[in-house]
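Student: Could we go through this structure together? I would like to begin with what holds the inside together.

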Amino acid sequence: MRFPNTLFARTSLTITSALLLFMLFTGFVIFNYILMPVGKQGATDLAALMVLSAKTWVELPPAAREDFQQELRTSHDLRLEPTPPAATIKPLVLHSPYLLFLEEALSAHLGHPVHIQQAGDDPDWHWAIFPVAGKTLYLGVRHGHVGAAPPRAALIILLGASLFILLTTLLVVRRITNPLEALSQGVKRLGSGGHHQPLSENGPTELANLARKFNQLSNEVQQLLDNRTTLLGGISHDLRTPLARLRIAVELLQGKEDAALLQNMRQDLEEMDTLITRTLELARMMQEDEIPTQAVDLEDFLHTLGASYAQEGKALELQLEAPCVFPVNQLILRRILNNLLDNAFHYAGGHKVVLRLQCSRNLVRICVLDQGSGIPQEQIGKVLQPFYRLDPSRNRSTGGSGLGLAIVQQLAQLQGWAVTLENRPSGGLSACIEIPG
């Protein structure tokens, strides 16, 4: 039968085996270096008392011997009999370690082998037979004379410790493996595309942190899946309108040439091309690996960026703190700010747009401030999603493609930056990028 190849089974077996081996080693050391010496010393003392008692009994006058026998039994739990205590005396079949030590000690005192025997069917007393001064005496020792039973105690301790170790190990290992098993099931559900159920974030700190990180990862994966669904739905919806217009234009062009219709068709094709380009850009940004950063003078960087808009005749005011050298990726930052500035000029209605830089040792904050109509408060979080437009008609001339702010959000998350949108008290929107050091 093959042992289960599970973390719970193998961890339990490893811990239990190690602790049991330690218990066996501890028991061996205690038995050999504590119990055995104590037992030998106790047997030696008892053997000396028995020999001394026998010699004393022989030297006493006959009238005092009975009192001496009674004193031995009362005070020392020993029986001294000058005659056999039973009709039959047979060798003791099983010897405890203590009785073996007693035999050795008696043999050493008397100078000849002495064997512990049992009288009849009485298991409570063990007898030693030895001659003293020409007499044969029978000295009995009660079975429970010492009171201690080292082998039995060691066995009980071993069994009790084994049961305690087994139960404790199973409890501890189960507490550790339960969260891991739940994590395994969560990963399995996540891999199969099933609905994510948040894991419990209780238990040891390490496992709780692991469950918390997994829940965050699952939420991010679910958000990516939702964005993918939105992306595909937005593409399908936005492509349907220009395709329908092209289909009508093709029907109208049959048999004649209309410059206005051709121009409209070109515009529809450009709209479709722009939509596909922005969509591919967003998809590519979501798949890019970590991009290295380098120290950049942000004052010069923003001056250069602002000059390109000034050449287009757009009113852009720079409010910069100098000097400000910070590690950023120029390409990513330029694409984010271009999207934010294009969005600001689109809604500014010809008014001035402000590009503001605030710099500290651990944080850079770059804000684009416009004077447009702003965003309804309940929709501020939604405009960062792909294809979400404030204009429900989805008209390109009024609502854009719905991808500009989504690209900003994805690029910022890729770099570990934060995007914040706030309505300005004086009117318009403040879109800021926060770059931690």
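Tutor: A nonpolar core is a set of buried Ala, Val, Leu, Ile, Met, Phe, Trp, Tyr and Cys residues joined through side-chain atoms within 4.5 Å. Buried means under 20% relative accessible area, with a 1.4 Å probe and protein chains only. This is a predicted model, in which local features need pLDDT of at least 70, side-chain atom pairs count only at pLDDT 80 or more, and totals for chains, interfaces and linings use all residues. Residues are numbered from 1 along each chain as its sequence is written, and side-chain values use heavy atoms, leaving out hydrogens and water.

Student: How many residues has the largest nonpolar core, and which have the most contacts inside it?

Tutor: The largest core has 41 residues, and L298, L333, I336 and W417 have the most contacts inside it. Helix α8 gives the most to this core, with eight residues. Helices (H or I, at least four residues) and strands (E, at least two) are DSSP runs, numbered from the N terminus.

Student: What does I336 touch?

Tutor: Not counting residues up to four places away in sequence, I336 touches V408, L411, A412, W417 and I433. Contact here means heavy atoms within 4.5 Å.

Student: Now the strands, please. How do β4 and β5 pair?

Tutor: Strands β4 (residues 125-132) and β5 pair in the antiparallel sense over eight bridges. Two strands pair if DSSP finds at least two bridges between them. F130 has L137 in β5 as its bridge partner.

Student: Which residue in their hairpin takes a positive phi?

Tutor: That is A133, with phi near 55°, and the hairpin has two residues between the strands.

Methods: Buried < 20%, exposed > 50% of the residue type's maximum accessible area, 1.4 Å probe, protein only.
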